[in-house]
Amino acid sequence: MNPTIVRCISECLVKPQQVSEESKHPFYLTTWDLSMLSVQYIQKGLLYAKPPPEDSPKDLIKNILDRLKKSLSLTLVHFYPLAGRLATRREENPPSYFVFVDCNNSPGAKFIHAAVDISVSDILSPTYVPLVVQSFFDHDRAINHDGHTRPLLSIQVTELVDGVFIGCSMNHALGDGASFWHFFNTLSETFQAQGDNIKISRSPVLKRWFPEGHGPLLNLPFTHQDEFISRFEAPQLLERIFHFSAESISKLKARANSEYNTSKISSFQSLSAFVWRSITKARRFPSDHVTGCRLAINNRSRLEPPLSPDYFGNSIQTVRAVTTAGELLEQNLGWAAWLLYQAVVNHKDKSVRGFVDHWLSSPFIYQIDQLFDPQSVMMGSSPRFNKYGNEFGLGKALTLRSGYAHKFDGKVSSYPGHGGGGSIDLEICLPAHSMNGLESDEEFMAAVSSSI
């Protein structure tokens, strides 16, 4: 038997422990949510070490599974849309096409117990993330529209020989990264608190945001799903995690600000510009080749009045800096970082509402292959999210990994470093020739503290 084959031991559906009155009503999707129907689920998870056999309580895994299932049921009371399913309502006169979440008639979230005959070191030791990690998540290659028949949330607990991986897959039409980690943090908080009457520290704000005069049902200009659904197959990529210490990032920030004679450029803008230039150099583009760097950006605080940081749903866009490969590499780091700084500071209430108004006048659904091009770099996720604070009876996680979803040439996901303190881990996806070029770049590798 192949030791890297993940075996499913059991699976079940978990419903909220109690049904609230509000969960009997449809949960409506906003412009930001509906535009995600053809992209993939969010897939992130954490790897934990099992205690040594001599210190391991009897029935350790069974107890963790039972507690996690109960915690999921309690957490879903607050995040009840994740227990639902997508539903479509079509009408012919006048023509209309509505997609929403049916929370009332739904079987629940999925809970999977799986196992694989490999060790923690088989995940941590290789230079590149092994493909088996993709099997630690449910919803492999699923797109959000599949949530009509698939669970909107799945938790998969995969037992390794000496570790446990807890992988979460959440439908991206229900929420963005901030909402994903809000849910994950609450699940962990509930697990650690135990009991039935747990008061959570951050309740999700489920009230939907629509501009005045619109919603709650938004009509899509389609008659059939085939008109807006496509399935993205990633090219063959290498995926490697590079660690940047707080000191290394601080040096990049000081350099960028000094070169542009400013003090406004942030640490993350400096790091993003550094990665953009390094990947562009590794790709060996002709100098007139157009290249861009996109940053995922949270709209909650940029709206006036602002949305709550606990708003549950999608409230993200991307901002972009564009230039030619020649100019990007001829100019210094500060110049590139300033382009990103300007893209971020100019993203205010007016541009957020402009995007929403444009969508309302001409609704569209993102297609991954059209959204991201292999000439550019996309900085996704965020080192600000609380990722390593999630514990499930096994201490602090050893590392964080992601699934198959949203992997393409030039995708960079940013995570807080394991040690905290302002360090950042970047998960970079590139084809082999570009990855080899990046690894051969002495300036880039000098800024990398280590690979994990």
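Where is the place of proline 305? I found proline 305 in the loop between strand S10 (290-298) and strand S11 (316-324). Strands here are DSSP runs of E with at least two residues, helices are runs of H or I with at least four, and both are numbered from the N terminus.

**Ground rules.** I am working on a predicted model, where local features need pLDDT of at least 70, side-chain atom pairs count only at pLDDT 80 or more, and totals for chains, interfaces and linings use all residues. I number residues from 1 along each chain as its sequence is written, and side-chain values use heavy atoms, with hydrogens and water left out.

I checked the bond into proline 305 from glutamate 304. It is cis, with omega near -5 degrees. I noted another cis peptide bond, from glycine 215 to proline 216, with omega near 0 degrees. Proline 216 sits in the loop between H4 and strand S9 (238-244). Then I looked at histidine 139. Its phi is positive, about 65 degrees, although the residue is not a glycine. I placed histidine 139 in the loop between helix H3 (120-124) and strand S7 (153-159).

**Cavities.** I searched the whole structure and got two cavities of 30 Å³ or more. The search runs on a 1 Å grid over the protein atoms alone: a cavity is a set of points where a 1.4 Å probe fits but cannot get out, a pocket is an open set with protein on both sides within 12 Å along at least five of seven lines, and lining residues have an atom within 4 Å of a point. Points are joined across faces, edges and corners, and a volume is the space filled by probe spheres set on them.

Which residues line the second largest cavity? Histidine 139 turned up again, with Gln40, Tyr41, Gln43, Arg141, Ala142, Tyr404 and Ala405. I read a volume of about 30 Å³ for this second largest cavity. Its lining divides into four nonpolar, three polar and one charged. Ala, Val, Leu, Ile, Met, Phe, Trp, Tyr, Cys and Pro count as nonpolar, Asp, Glu, Lys and Arg as charged, and the others, Gly among them, as polar.

The largest cavity has about 40 Å³. I listed its lining as Arg294, Leu371, Phe372, Asp373, Ser376, Val377, Met378 and Phe408. By class that gives five nonpolar, one polar and two charged residues.

I went on to the second largest pocket, with about 320 Å³ of space. Its lining has 18 residues, and Leu131, Gln134, Pro235, Leu237 and Glu239 are the closest to its centre. I logged eleven nonpolar, three polar and four charged.

**Sheet.** I traced an open sheet of three strands, order S2-S5-S4, with antiparallel pairing. Pairing requires that DSSP finds at least two bridges between two strands. Strand S2 (27-28) and strand S4 (85-92) are the edges, each pairing on one side only. S4 and strand S5 (residues 95-102) run antiparallel over eight bridges. I picked out arginine 89, whose bridge partner in S5 is phenylalanine 98.

**Helix crossing.** At what angle do the axes of H6 and H8 cross? I got roughly 120 degrees for helix H6 (residues 267-283) and helix H8 (residues 333-345), with the axes coming within 8 Å. H6 is therefore oblique to H8. Axes are lines fitted to C-alpha atoms, for helices over the stretch in contact, and angles run from 0 to 180 degrees between N-to-C directions. Angles under 35 degrees count as roughly parallel, over 145 as roughly antiparallel, 65 to 115 as roughly perpendicular and the rest as oblique.
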